[in-house]
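Here is a friendly note to read alongside the model. Please keep the viewer open and find each residue as we come to it.

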Amino acid sequence: MDLLALADFNLVARHGGFGRAARAAGRPKATLSRRVAELEASLGLRLFERGARALKLTEEGRALFERAGALLTELDETAAAIASGGERPRGKLRISAPLLFSQTAMGKLAAGFALKYPEVRLELTTEDRTVDIVEEGYDLVIRVNPDPDESLVGRILLRDRLIVVASPGLARPAANVAVPAVVRGAGDRTAAWDVLVPTGRSRIAIEPVLRLSSLIMVRDAVRAGVGAGRLPVSLVSHDLAAGTLVHWGDADGPDIALWTLYPSRRLLSARVSAFLDYLKEAFPMGTPDELAAYIGA
(Lines give C-alpha, C1' and ligand atoms only; values in the text may rest on other atoms or scores of the structure.)
Protein backbone atom coordinates (compact mmCIF):
# COMPACT_ATOMS: atom_id res chain seq x y z
CA MET A 1 0.00 0.00 0.00
CA ASP A 2 1.22 3.52 -0.87
CA LEU A 3 1.80 5.20 2.51
CA LEU A 4 1.75 8.68 0.97
CA ALA A 5 -1.65 7.98 -0.59
CA LEU A 6 -2.83 6.58 2.74
CA ALA A 7 -1.66 9.76 4.47
CA ASP A 8 -3.57 11.87 1.93
CA PHE A 9 -6.70 9.77 2.50
CA ASN A 10 -6.33 10.25 6.25
CA LEU A 11 -5.95 13.99 5.77
CA VAL A 12 -9.13 14.25 3.68
CA ALA A 13 -11.10 12.02 6.09
CA ARG A 14 -9.98 14.03 9.12
CA HIS A 15 -11.00 17.36 7.57
CA GLY A 16 -14.21 16.04 6.03
CA GLY A 17 -13.57 17.11 2.45
CA PHE A 18 -10.97 17.67 -0.27
CA GLY A 19 -11.27 21.46 -0.18
CA ARG A 20 -10.83 21.76 3.59
CA ALA A 21 -7.97 19.27 3.56
CA ALA A 22 -6.24 21.14 0.72
CA ARG A 23 -6.50 24.45 2.57
CA ALA A 24 -5.25 22.95 5.82
CA ALA A 25 -2.24 21.29 4.17
CA GLY A 26 -1.54 23.99 1.59
CA ARG A 27 -1.74 21.48 -1.25
CA PRO A 28 -3.75 21.34 -4.50
CA LYS A 29 -7.22 19.88 -4.15
CA ALA A 30 -6.82 18.03 -7.45
CA THR A 31 -3.71 16.26 -6.17
CA LEU A 32 -5.48 15.00 -3.06
CA SER A 33 -8.46 13.84 -5.13
CA ARG A 34 -6.20 11.96 -7.53
CA ARG A 35 -4.19 10.29 -4.75
CA VAL A 36 -7.33 9.11 -2.95
CA ALA A 37 -8.76 7.78 -6.23
CA GLU A 38 -5.52 5.85 -6.82
CA LEU A 39 -5.73 4.38 -3.32
CA GLU A 40 -9.33 3.31 -3.91
CA ALA A 41 -8.31 1.69 -7.20
CA SER A 42 -5.42 -0.19 -5.61
CA LEU A 43 -7.68 -1.51 -2.83
CA GLY A 44 -10.63 -2.18 -5.10
CA LEU A 45 -12.85 -0.32 -2.62
CA ARG A 46 -14.79 2.92 -2.51
CA LEU A 47 -13.62 4.83 0.55
CA PHE A 48 -15.83 7.91 0.15
CA GLU A 49 -19.39 8.51 -0.96
CA ARG A 50 -19.14 11.67 -3.07
CA GLY A 51 -22.30 13.78 -3.04
CA ALA A 52 -22.96 17.13 -4.65
CA ARG A 53 -22.23 19.00 -1.43
CA ALA A 54 -20.91 16.45 1.04
CA LEU A 55 -18.21 13.83 1.29
CA LYS A 56 -18.96 10.85 3.53
CA LEU A 57 -16.82 7.89 4.51
CA THR A 58 -18.10 4.49 3.46
CA GLU A 59 -18.10 1.71 6.03
CA GLU A 60 -14.79 0.46 4.60
CA GLY A 61 -13.41 3.99 4.55
CA ARG A 62 -14.28 4.55 8.20
CA ALA A 63 -12.63 1.26 9.21
CA LEU A 64 -9.46 2.23 7.34
CA PHE A 65 -9.46 5.75 8.80
CA GLU A 66 -9.81 4.50 12.38
CA ARG A 67 -6.81 2.23 11.99
CA ALA A 68 -4.64 4.24 9.64
CA GLY A 69 -4.62 7.41 11.76
CA ALA A 70 -2.98 5.74 14.74
CA LEU A 71 -0.48 3.85 12.56
CA LEU A 72 0.56 6.96 10.64
CA THR A 73 0.99 8.89 13.88
CA GLU A 74 3.22 6.17 15.28
CA LEU A 75 5.32 6.16 12.10
CA ASP A 76 5.73 9.94 12.24
CA GLU A 77 6.69 9.82 15.90
CA THR A 78 9.19 7.01 15.34
CA ALA A 79 10.79 8.89 12.44
CA ALA A 80 10.96 12.09 14.52
CA ALA A 81 12.51 10.26 17.46
CA ILE A 82 15.16 8.66 15.25
CA ALA A 83 15.93 11.97 13.58
CA SER A 84 16.30 13.75 16.91
CA GLY A 85 18.45 11.01 18.38
CA GLY A 86 16.05 10.14 21.19
CA GLU A 87 12.59 10.37 22.64
CA ARG A 88 12.63 14.10 23.36
CA PRO A 89 9.05 15.49 23.41
CA ARG A 90 8.44 17.40 20.19
CA GLY A 91 5.78 18.01 17.55
CA LYS A 92 2.11 18.98 17.74
CA LEU A 93 0.03 17.99 20.76
CA ARG A 94 -3.74 18.43 20.35
CA ILE A 95 -5.84 18.39 23.53
CA SER A 96 -9.55 18.84 24.20
CA ALA A 97 -10.53 19.96 27.71
CA PRO A 98 -13.82 20.92 29.41
CA LEU A 99 -14.82 24.55 29.83
CA LEU A 100 -14.46 25.03 33.59
CA PHE A 101 -11.06 23.32 33.86
CA SER A 102 -9.84 25.28 30.84
CA GLN A 103 -11.03 28.60 32.27
CA THR A 104 -9.49 28.04 35.68
CA ALA A 105 -6.34 25.96 35.15
CA MET A 106 -5.39 25.19 31.54
CA GLY A 107 -3.91 28.59 30.70
CA LYS A 108 -1.40 28.29 33.52
CA LEU A 109 -0.77 24.62 32.80
CA ALA A 110 -0.26 25.21 29.07
CA ALA A 111 2.15 28.08 29.69
CA GLY A 112 4.24 26.07 32.13
CA PHE A 113 4.33 23.07 29.81
CA ALA A 114 5.36 25.25 26.85
CA LEU A 115 8.24 26.71 28.83
CA LYS A 116 9.42 23.26 29.92
CA TYR A 117 9.00 21.65 26.47
CA PRO A 118 9.56 24.37 23.84
CA GLU A 119 9.66 21.85 20.96
CA VAL A 120 6.06 20.77 21.56
CA ARG A 121 3.37 22.84 19.81
CA LEU A 122 0.39 22.60 22.13
CA GLU A 123 -3.08 23.18 20.65
CA LEU A 124 -5.95 23.29 23.14
CA THR A 125 -9.65 23.18 22.29
CA THR A 126 -12.23 23.97 24.97
CA GLU A 127 -15.53 22.08 24.77
CA ASP A 128 -17.80 20.05 27.03
CA ARG A 129 -19.20 17.77 24.31
CA THR A 130 -18.04 14.22 23.76
CA VAL A 131 -15.41 14.18 21.02
CA ASP A 132 -14.22 11.35 18.78
CA ILE A 133 -10.57 11.43 19.76
CA VAL A 134 -9.36 9.46 16.72
CA GLU A 135 -11.57 10.92 14.02
CA GLU A 136 -11.07 14.50 15.22
CA GLY A 137 -7.32 14.11 15.54
CA TYR A 138 -6.80 14.65 19.27
CA ASP A 139 -3.84 13.15 21.11
CA LEU A 140 -5.41 13.52 24.55
CA VAL A 141 -8.78 14.55 25.96
CA ILE A 142 -9.73 15.61 29.47
CA ARG A 143 -13.30 14.84 30.48
CA VAL A 144 -15.59 14.88 33.53
CA ASN A 145 -17.07 11.49 34.49
CA PRO A 146 -16.75 10.05 30.95
CA ASP A 147 -18.76 7.04 29.82
CA PRO A 148 -16.76 3.79 29.58
CA ASP A 149 -15.04 3.36 26.22
CA GLU A 150 -12.98 0.26 25.40
CA SER A 151 -11.09 2.17 22.70
CA LEU A 152 -9.62 4.61 25.24
CA VAL A 153 -7.12 4.32 28.07
CA GLY A 154 -7.46 6.72 30.96
CA ARG A 155 -6.53 7.76 34.44
CA ILE A 156 -8.17 10.04 36.98
CA LEU A 157 -6.44 13.40 37.16
CA LEU A 158 -8.54 15.10 39.85
CA ARG A 159 -11.49 14.43 42.11
CA ASP A 160 -13.95 17.08 43.26
CA ARG A 161 -17.46 17.23 44.69
CA LEU A 162 -20.45 19.54 44.48
CA ILE A 163 -21.59 21.44 47.56
CA VAL A 164 -24.40 23.90 48.18
CA VAL A 165 -23.16 27.32 49.25
CA ALA A 166 -24.61 30.77 49.85
CA SER A 167 -23.50 34.18 51.08
CA PRO A 168 -23.64 34.68 54.88
CA GLY A 169 -26.44 37.20 54.42
CA LEU A 170 -28.78 34.61 52.90
CA ALA A 171 -30.55 32.65 55.61
CA ARG A 172 -31.22 28.98 55.01
CA PRO A 173 -35.02 28.65 54.80
CA ALA A 174 -37.27 26.38 56.76
CA ALA A 175 -38.35 23.05 55.29
CA ASN A 176 -40.51 23.30 52.15
CA VAL A 177 -39.76 27.01 51.74
CA ALA A 178 -37.96 27.69 48.47
CA VAL A 179 -34.69 29.59 48.54
CA PRO A 180 -33.53 31.86 45.67
CA ALA A 181 -31.04 29.87 43.61
CA VAL A 182 -28.51 30.43 40.86
CA VAL A 183 -28.38 27.42 38.51
CA ARG A 184 -26.24 26.45 35.56
CA GLY A 185 -27.95 26.20 32.19
CA ALA A 186 -31.43 26.95 30.93
CA GLY A 187 -32.27 23.24 30.87
CA ASP A 188 -31.92 22.73 34.63
CA ARG A 189 -35.52 22.40 35.89
CA THR A 190 -34.63 20.92 39.28
CA ALA A 191 -37.11 21.95 41.99
CA ALA A 192 -34.97 20.92 44.96
CA TRP A 193 -31.43 19.95 45.92
CA ASP A 194 -30.75 16.83 47.98
CA VAL A 195 -27.84 17.42 50.34
CA LEU A 196 -25.87 15.52 52.96
CA VAL A 197 -25.52 17.25 56.33
CA PRO A 198 -24.04 16.05 59.65
CA THR A 199 -27.48 14.85 60.77
CA GLY A 200 -28.20 12.91 57.57
CA ARG A 201 -29.96 13.79 54.34
CA SER A 202 -31.88 16.98 53.74
CA ARG A 203 -33.75 18.61 50.86
CA ILE A 204 -33.55 22.28 49.92
CA ALA A 205 -36.42 23.58 47.81
CA ILE A 206 -35.21 26.15 45.26
CA GLU A 207 -36.62 28.93 43.13
CA PRO A 208 -34.14 29.75 40.31
CA VAL A 209 -33.63 33.48 39.97
CA LEU A 210 -30.66 33.27 37.58
CA ARG A 211 -29.73 30.70 34.92
CA LEU A 212 -26.11 31.06 33.82
CA SER A 213 -24.00 29.06 31.38
CA SER A 214 -20.75 29.02 33.37
CA LEU A 215 -20.01 27.80 36.89
CA ILE A 216 -17.67 30.74 37.34
CA MET A 217 -20.62 33.03 36.62
CA VAL A 218 -22.73 31.04 39.09
CA ARG A 219 -20.05 31.44 41.77
CA ASP A 220 -19.78 35.19 41.20
CA ALA A 221 -23.56 35.59 41.43
CA VAL A 222 -23.70 33.52 44.63
CA ARG A 223 -20.91 35.65 46.08
CA ALA A 224 -23.02 38.73 45.34
CA GLY A 225 -25.85 37.32 47.45
CA VAL A 226 -28.38 36.73 44.68
CA GLY A 227 -29.07 33.16 45.79
CA ALA A 228 -27.64 29.81 46.78
CA GLY A 229 -25.72 27.66 44.32
CA ARG A 230 -24.29 24.18 43.75
CA LEU A 231 -20.58 24.50 43.03
CA PRO A 232 -17.40 22.38 43.08
CA VAL A 233 -15.38 22.56 46.29
CA SER A 234 -12.29 23.65 44.34
CA LEU A 235 -14.11 26.72 43.04
CA VAL A 236 -15.23 28.03 46.45
CA SER A 237 -12.59 26.65 48.82
CA HIS A 238 -11.04 30.05 49.49
CA ASP A 239 -14.47 31.68 49.94
CA LEU A 240 -15.38 29.13 52.59
CA ALA A 241 -12.08 29.65 54.40
CA ALA A 242 -12.54 33.44 54.31
CA GLY A 243 -16.18 33.25 55.39
CA THR A 244 -17.48 35.03 52.29
CA LEU A 245 -19.56 31.93 51.52
CA VAL A 246 -21.08 29.37 53.89
CA HIS A 247 -21.54 25.64 53.38
CA TRP A 248 -25.14 24.35 53.44
CA GLY A 249 -24.29 20.72 52.69
CA ASP A 250 -22.73 18.33 50.20
CA ALA A 251 -24.74 17.52 47.08
CA ASP A 252 -26.09 13.98 47.29
CA GLY A 253 -24.60 12.14 44.34
CA PRO A 254 -21.38 10.83 42.82
CA ASP A 255 -18.16 12.79 43.09
CA ILE A 256 -16.74 14.62 40.11
CA ALA A 257 -13.86 12.75 38.48
CA LEU A 258 -11.72 14.49 35.89
CA TRP A 259 -10.10 11.94 33.55
CA THR A 260 -7.29 12.11 31.01
CA LEU A 261 -7.97 9.80 28.04
CA TYR A 262 -6.04 8.67 24.96
CA PRO A 263 -6.52 5.93 22.31
CA SER A 264 -5.75 2.43 23.54
CA ARG A 265 -4.45 1.37 20.12
CA ARG A 266 -1.87 4.12 19.98
CA LEU A 267 1.57 3.88 21.51
CA LEU A 268 2.01 6.61 24.09
CA SER A 269 4.08 9.31 22.40
CA ALA A 270 6.82 11.20 24.22
CA ARG A 271 4.82 14.44 24.16
CA VAL A 272 1.63 12.84 25.55
CA SER A 273 3.64 11.07 28.22
CA ALA A 274 5.38 14.34 29.11
CA PHE A 275 2.06 16.17 29.43
CA LEU A 276 0.57 13.43 31.63
CA ASP A 277 3.65 13.60 33.86
CA TYR A 278 3.35 17.39 33.98
CA LEU A 279 -0.27 17.12 35.12
CA LYS A 280 0.74 14.60 37.79
CA GLU A 281 3.39 17.02 39.06
CA ALA A 282 0.80 19.79 39.27
CA PHE A 283 -1.77 17.62 41.08
CA PRO A 284 0.11 14.75 42.78
CA MET A 285 -2.79 13.76 45.05
CA GLY A 286 -5.63 14.86 42.75
CA THR A 287 -7.65 16.52 45.52
CA PRO A 288 -10.03 19.50 45.37
CA ASP A 289 -7.71 21.45 47.68
CA GLU A 290 -4.80 20.98 45.26
CA LEU A 291 -6.87 22.36 42.40
CA ALA A 292 -8.12 25.25 44.54
CA ALA A 293 -4.55 26.13 45.53
CA TYR A 294 -3.39 25.92 41.90
CA ILE A 295 -6.09 28.18 40.52
CA GLY A 296 -6.21 30.47 43.55
CA ALA A 297 -9.98 30.06 43.90
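1. A word on the model and its numbering comes before the details. This is a predicted model, in which local features need pLDDT of at least 70 and side-chain atom pairs count only at pLDDT 80 or more, while totals for chains, interfaces and linings use all residues. Residues are numbered from 1 along each chain as its sequence is written, and side-chain values use heavy atoms, with hydrogens and water left out.

2. Let us begin with helices H2 and H3. Helices (H or I, at least four residues) and strands (E, at least two) are DSSP runs, numbered from the N terminus. The axes of H2 (residues 18-25) and H3 (residues 29-43) cross at roughly 120° and come within 8 Å. That angle makes H2 oblique to H3. Axes here are lines fitted to C-alpha atoms, for helices over the stretch in contact, with angles from 0 to 180 degrees between N-to-C directions. Angles under 35 degrees count as roughly parallel, over 145 as roughly antiparallel, 65 to 115 as roughly perpendicular, and the rest as oblique.

3. Which residues of H2 and H3 meet? From H2 there are Phe 18, Gly 19, Ala 21 and Ala 22, and from H3 there are Lys 29, Leu 32, Ser 33 and Val 36. Contact means heavy atoms within 4.5 Å. The residues of this contact divide into five nonpolar, two polar and one charged. In this scheme Ala, Val, Leu, Ile, Met, Phe, Trp, Tyr, Cys and Pro count as nonpolar, Asp, Glu, Lys and Arg as charged, and the others, Gly among them, as polar.

4. Now compare helices H6 and H7. The axes of H6 (residues 215-223) and H7 come within 11 Å and cross at roughly 20°. H6 is therefore roughly parallel to H7. Leu 215, Ile 216, Arg 219 and Arg 223 of H6 make the contact with Leu 235, Val 236 and Asp 239 of H7. Those residues divide into four nonpolar, no polar and three charged.

5. Next come the salt bridges. Side chains of opposite charge can pair when their charged atoms come close. A salt bridge is a side-chain nitrogen of Lys or Arg within 4 Å of a carboxyl oxygen of Asp or Glu. A search of the whole structure finds 17 of them.

6. Take Arg 27 and Asp 8, a salt bridge whose closest N and O atoms are 2.5 Å apart. This pair links distant parts of the chain, with Arg 27 in the loop between H2 and H3 and Asp 8 in helix H1 (residues 3-15), 19 residues apart. Buried means under 20% relative accessible area, exposed over 50%, and partly exposed in between (1.4 Å probe, protein chains only). Both residues also belong to a network of salt bridges that links Asp 8, Arg 27, Arg 34, Arg 35 and Glu 38.

7. Arg 88 and Glu 119 meet through their side chains in a salt bridge with an N to O distance of 2.4 Å. Arg 88 lies in the loop between helix H4 (59-84) and strand S3 (91-97), and Glu 119 in the loop between H5 and strand S4 (120-126). Asp 194 and Arg 203 also form a salt bridge, at 2.7 Å from N to O. Asp 194 is partly exposed at 34% relative accessibility, while Arg 203 is exposed at 57%.

8. Helix H9 (residues 288-295) has Pro 288, Glu 290, Leu 291, Ala 292 and Tyr 294 as its buried residues. What covers these buried residues? The cover includes helix H5 (99-116), strand S6 (152-160), helix H7 (233-242) and helix H8 (270-282). After H9 comes Gly 296, with a positive phi near 70°.

9. Finish with Asn 145, in the loop between strand S5 (140-144) and S6. Most residues other than glycine have a negative phi, and most peptide bonds are trans. Asn 145, however, has a positive phi, near 45°. Asn 145 is partly exposed, with a relative accessible area of 39%.
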